[in-house]
Amino acid sequence: MSFRPQSFAARVRYAADLIASGARPCRAFDSCFENYDSDALAAALIREAATNRDLAQNLGRYINRARAEEAAERWQHLSDEELKRLAARLRREGRTEASTKERRNVQLGLL
């Protein structure tokens with residue numbers, strides 16, 4: 001499956017489906033979290049896990065569950081649509097910051 005990196009909903013769906021299935025993570029899965037909005041994506045996964053038993057059961061094997069729950073709690077007051085808009089803002093801000101800073105090697109804290 002492929003998705004547009006700017007499509008938050010598609011990345012959430014792809015990551016949720018892969019995690020729920022228990023499949024081996026792949027490059028496409030990693031790329032879901034490489035758009036400066038990984039905390040928002042993790043929060044969306046926590047929301048999805050509330051109604052998807054397989055996702056809830058497997059989530060901790062794929063991402064840092066404590067950090068994801070912290071993000072979900074931080075943004076619990078946001079609707080799903082507002083979380084999507086927050087993710088878009090985080091992507092814009094992240095790209096802007098990245099384009100003005102010296103490049104460095106960064107590892108994702110969620111994985």
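**Figure 1. Six helices and zero strands make up the elements of this chain.** The model shown here is predicted. Starting at the N terminus, the order of elements reads α-α-α-α-α-α. The chain has 111 residues, and 39% of them count as buried. Take the contacts between residues at least 6 apart in sequence: 71% of these join residues at least 24 apart.

**Figure 2. Here's the largest nonpolar core, with 32 residues.** Phe8, Phe29, Phe33, Leu45, Ile63, Trp75 and Leu83 have the most contacts inside this core.

**Figure 3. A close-up of Leu45 and the residues around it.** Leu45 is one of the residues with the most contacts inside the largest nonpolar core. Skip its neighbours within four places in sequence, and Leu45 still touches Val12, Ala15, Ala16 and Ile19, along with Phe33, Leu55, Leu59 and Ile63.

**Figure 4. Helix 3 packs against helix 6 with a left-handed crossing.** The two axes come within 9 Å and cross at roughly 160°. An angle over 145 degrees counts as roughly antiparallel, and helix 3 and helix 6 are therefore roughly antiparallel to each other. On the helix 3 side, look for Ala40, Ala43, Ala44 and Arg47; they meet Asp80, Leu83, Ala87 and Leu90 of helix 6.

Figure 5. Helix 3 brings Asp39, Ala42, Ala43 and Ile46 to the contact, while helix 5 brings Arg67, Ala68, Glu69, Ala71, Ala72 and Arg74. Ala43 shows up in this contact and in the one with helix 6.

**Figure 6. Zooming in on Asp39, a residue of helix 3.** Is Asp39 buried or exposed? Its relative accessible area is 16%, and buried means under 20%, so Asp39 counts as buried. The side chains of Asp39 and Arg67 are joined by a polar contact of 3.1 Å. Both residues belong to the contact between helix 3 and helix 5.

Key. Residues are numbered from 1 along each chain as its sequence is written. This is a predicted model: local features need pLDDT of at least 70, side-chain atom pairs count only at pLDDT 80 or more; totals for chains, interfaces and linings use all residues. Side-chain values use heavy atoms; hydrogens and water are left out. A nonpolar core is a set of buried Ala, Val, Leu, Ile, Met, Phe, Trp, Tyr and Cys residues joined through side-chain atoms within 4.5 Å. Buried means under 20% relative accessible area, exposed over 50%, partly exposed in between (1.4 Å probe, protein chains only). Contact means heavy atoms within 4.5 Å. Helices (H or I, at least four residues) and strands (E, at least two) are DSSP runs, numbered from the N terminus. A polar contact is a pair of N or O atoms within 3.5 Å; within protein, one must be able to donate a hydrogen and the other to accept it, and residues adjacent in sequence count only if both atoms are side-chain atoms. Axes are lines fitted to C-alpha atoms, for helices over the stretch in contact, and angles run from 0 to 180 degrees between N-to-C directions. Angles under 35 degrees count as roughly parallel, over 145 as roughly antiparallel, 65 to 115 as roughly perpendicular and the rest as oblique. A crossing is left-handed if the near helix is turned anticlockwise from the far one by less than a right angle, and right-handed if clockwise.
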